[in-house]
Structures are given as structure tokens and as C-alpha cells.
Amino acid sequence: MKKLALTFSILVILIFNQNCVYTQTSNEAVEYLDGLTASFNELNGETWQYLKAITRGKGARKVENKRQNLLSEIRTVKSEVRRKRAYQSDVSLKNAVVEYLNLTYIVLKEDFDKILDMEDIAEQSYDMMEAYLLAQEKANEKLNGAFEIVQQAQKDFAENHNITLIEGGLDKVSQKIAKANETLKYYNEIYLIFFKCYKQESYVNEALQRNDINGLEQNTSTLAIFAEEGLEKLKGISSYQGDPNLKITARKVLTFYQSEAEKDFPSMIDFFIKKDNFEKVQKMVESKSKKSRTQQDIDQYNKATKEYNEAVKTFNRVIEFTNNQRRKYLEQWDQMAERFFDKHTG
């Protein structure tokens, strides 16, 4: 009986010890997992803040110091991770973290070097802006892919070492990056529709400053086409997660451009025509001596002067009106873009 009791006691101790070893092993695995994750969790947050600053319209150039600091930190963290030991000969998680850091560094260095250069010339044309925005999207997709690699490695490590994962910082940052990609793509689609008209209107204004009637007519006609096409495209774009405000604001801006092209700029063209006519009549009259000027010359001059003066008043009124309207709608667009990213990227 005592022998049986002794045997039972040993069995209980063995089972207890096995449980202790299992628990101890789990704690070590968790500590190892947490240690690797903690080594770059802060870095992930800073990367996210950098991406968020760019997507909210601050531009890569304005936050270039943040990128350079990030690159320096990635190099430091990568060195720290490489010095960490493997866990029970399992180097999968460590290697995945190093791969993630390598990919992140490459994207932030090489891709964003190009983005920085493209940003400087993006507003020169619609095609350049389209290429610039596409480069941003591709870079964000690569960063998201890097997150997914290390996230999967984290899940595999947890499964292999009997760890139950609770959603942590890595998952949240990954979700934010993925959500930012989705938000950015939607914004860029609408922004390019807006930018096409915005840029075309700048060509009209350049022609105005040059007193170029032909350029004014041609660019105004193109603006009318772009505005109509843009408004039609907006009809085919749904609201973003039930939020129609960015689309509504874009429609308001394009409607303004359409009105400019159909009403305001044509009246300015009329001004230049009357101005040109006045200058010709004035030159003709002034080329004659007072004695040789006929009544017809005087009547023609007076008529041209009256039409020109009326055109000047109309021109000044329209210029003031369009400048005020343009300022208003562009401010609305900028404010809405900021609110859109605040709401959908957090």
C-alpha cells in the first residue's frame, strides 16, 4: 500500500514537473516573441506617422527629416535584432524581422528617394502627378507587404510554440497601413479628376497673363471638356465607406471650373477682342491729323472706346468674382481632404 502511494506521488510530481516545464517554456517563448516585437514596435509607429504625414498632403519634402531619422533607426534596430539569439534553434521569427526591416529600409530609401524627386515636378503636368501618386501607392503596398511577412512569421512562431496571440501593436499598425492604402487609392482617384481641371485652368490663366487670345480660347475649350468628363466620372464613383463628402466637394470644384469655361472665360475673351479692336481704331485715328479725321472716324473711335470701357468693367468684375470663387472652392477642397484622412486613417 505504501509502495503504491509512493508510486502515485512520484507520478503526480512528474506530471507537475512536466506542466512546470511546459509553462516555463511558454513564458520563455512569449518573452522571446515580445522581445523581438518590442525591438521595432516603436519604429513601426514612427513609420506610420511618416506615411500619415505624407498622405495628408504635407508632402515628402516637408517631412524629409523624419524619413532620414527613420532610416537611421532602422539600421540601429536591425543591428540589435541580428545580435539576438535564436529560440531553441528556431530562427524563423528573427529572420522574418530582419527581412521586414530590410524591405522597409529599401522602400523608405529607394522608393521614397524617387518619390521625393517626383514630388518636385509632379504639379507640372497631369501625367507627372499621376505617376507621382501611383509611386506613393506602390511604396505603401510594399510596406504593407513587409508587415504581412513579419506578421505571418509571428503567427507561425506562436503556433509552433503553443502561444495564444492577442491582437497587438504589430497587427494594429498593419491594419492601419492597409487601411491607409485603401483610403489613399480612393482619394487619388478623385484627386486626379480634380487635378486635371485644376492644372488645365492654370493654362487658361497663363494665357490670360500673356494676353494670348488663341491660347485663351483653346485652353478654355479644353477646360470645358475636362470639367464635363470629370463630372461624369464622379457619377461612377461611389461614396467611401458611406462618406460622400470628398466626392461632393470635388463635384463643387469641377462645377466651378465648368462655369468658368462656359461663362466667365468667354467674357474675358470678349474683353481682349474689344481691347484689340479699340487699339486698332485708336492707332488709325491717331495716325491722321485732326483736320483729316472724318465724322465716321470719330464715331468709330467713340464706339470702340465705349465698348472697351464696358468690357474693362466686366473683365474686372469677372476676375474678382472668379478669384474669390476659386479661393473658396480650393480652400473647401483642402479642408475636406484633411477631414477625409482624419476620419478614415485615424
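Reply:
**A partly exposed residue and its setting**

Ile-121 counts as partly exposed because its relative accessibility is 36%, where partly exposed lies between buried, under 20% relative accessible area, and exposed, over 50% (1.4 Å probe, protein chains only). This residue is found in helix 3, which covers residues 92–121. Helices here are DSSP runs of H or I with at least four residues, strands are runs of E with at least two, and both are numbered from the N terminus. From Ile-121 to Tyr-132 the C-alpha to C-alpha distance is 8.9 Å, at a sequence separation of 11 residues.

The model is predicted, so local features need pLDDT of at least 70 and side-chain atom pairs count only at pLDDT 80 or more, while totals for chains, interfaces and linings use all residues. Residues are numbered from 1 along each chain as its sequence is written, and side-chain values use heavy atoms, with hydrogens and water left out.

Gln-258, in helix 7 (residues 245–286), is buried because its relative accessible area is 19%. Beyond its neighbours within four places in sequence, Gln-258 is in contact (heavy atoms within 4.5 Å) with Ala-227, Glu-228 and Leu-231.

As for the whole chain, there are 8 helices and 0 strands, in the order α-α-α-α-α-α-α-α. Of its 346 residues, 42% are buried. Among contacts with a separation of 6 or more, 79% join residues 24 or more positions apart. The accessible surface is about 19500 Å², with 51% belonging to carbon and sulfur atoms; accessible areas come from the Shrake-Rupley method with a 1.4 Å probe, and for residues only the protein chains shown count as cover.
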